[in-house]
Amino acid sequence: MAGPTVDDAIAAYDRLSGDLAPRYAAGGGERFLKRHAELLPPLPGPVLDIGAGSGVHADALAGRGYRVVAVEPSSGMRAEAARLFPGSPVEWIDDRLPTLERVRQRDELFAFILINAVWMHVPPPDRTSACAALASLAAPGAVLSLALRQGPSPADRPMHDCDPDAIAAEFAGHGFAEIQRSVNDGSDSGAGVTFVRLNFRRAAIDPTGRPE
């Protein structure tokens, strides 16, 4: 039996956005900025936040002076982000994994890419194409920060398993070298939930086009 699709996840976030977005935004984005202080690029970026949800991280990055493009396929979550962060300079795009077609059409490379608690919604057969899309968007030397949800799925949002080692290997095959790994408490998301954060750096390219 097939597992949940990306469309299933988007429909769930549309339905639950009024409850989830304020909860996600409650902690603010300063803790994220502090944890990534040594990995963030020189201002103004650019920065790409994929599955930006409530907008809390995108707004925090923009507040530091980064030019932020936020991707969020749920219209409900985008509406909540506009309500929670009125006047934010973040640019929002309705797009989705695995193809990120609209973002790729911009023909822009990003110095920092954030994918926070999103990968569990990407069906495993689609993850190779998702990695390829991300590789096409990452500037040489860019950092990609990926938070993987571990533990039981909530009843209203079925999710796919995310094995950190397997996912790190898949990203490595697309030119992303793992540089940091950490485990963070996720008990506010449910009993038995943790988040594993994998930070990667995209291979730099020398003028001949070969990885350095």
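These are my notebook entries on a predicted model.

**Ground rules.** I number residues from 1 along each chain as its sequence is written, and side-chain values use heavy atoms, with hydrogens and water left out. The model is predicted, so I take local features only at pLDDT of at least 70 and side-chain atom pairs only at pLDDT 80 or more, while totals for chains, interfaces and linings use all residues. Helices (H or I, at least four residues) and strands (E, at least two) are DSSP runs, numbered from the N terminus.

**Entry 1: Asp49.** I looked up Asp49 in strand 1, residues 47–50. Does Asp49 have a salt bridge, or what is the nearest side chain of opposite charge? Asp49 is buried and has no salt bridge. Arg197 is the nearest side chain of opposite charge, 8.8 Å away. Buried means under 20% relative accessible area, exposed over 50%, and partly exposed in between (1.4 Å probe, protein chains only). For charge, Lys and Arg count as positive and Asp and Glu as negative; His and the chain ends are not counted. A salt bridge needs a side-chain nitrogen of Lys or Arg within 4 Å of a carboxyl oxygen of Asp or Glu. Beyond four places in sequence, Asp49 contacts His57, Ala58, Val69, Ala70, Val71 and Leu114. Contact means heavy atoms within 4.5 Å.

**Entry 2: cores.** A nonpolar core is a set of buried Ala, Val, Leu, Ile, Met, Phe, Trp, Tyr and Cys residues joined through side-chain atoms within 4.5 Å. The largest has 41 residues, and Ile113, Trp119 and Phe171 touch the most other members. Elements giving two or more residues to this core include helix 1 (6–25), strand 4 (110–116) and strand 7 (194–202). A second, separate core has 17 residues, among them Phe32, Leu39, Leu40 and Leu61.

**Entry 3: helix 3.** I checked its burial next. Six of the eight residues of helix 3 are buried. They are Val56, His57, Ala58, Ala60, Leu61 and Ala62. Their cover includes helix 1, helix 2, strand 1, strand 2 and strand 4. Gly65 follows helix 3 and has a positive phi, near 105°.

**Entry 4: the largest pocket.** On a 1 Å grid over the protein atoms alone, a pocket is an open set of points where a 1.4 Å probe fits, with protein on both sides within 12 Å along at least five of seven lines; lining residues have an atom within 4 Å of a point. Points are joined across faces, edges and corners, and a volume is the space filled by probe spheres set on them. The largest pocket has a volume of about 1,200 Å³. Its lining counts 45 residues, with Tyr24, His57, Asn116, Ala117 and Phe195 nearest the centre. Helix 1 gives the most to that lining, six residues.

**Entry 5: backbone.** Most residues other than glycine have a negative phi, and most peptide bonds are trans. I noted the exceptions here. The Leu43 to Pro44 bond is cis, with omega near 10°. Pro44 sits in the loop between helix 2 and strand 1. Leu97 and Pro98 are also joined by a cis bond, omega about 10°. Leu100 is not a glycine, yet has a positive phi of about 50°. Leu100 counts as buried because its relative accessibility is 0%. Ala117 has a positive phi near 55°. Ala117 lies in the loop between strand 4 and helix 6. At 22% relative accessibility, Ala117 is partly exposed.
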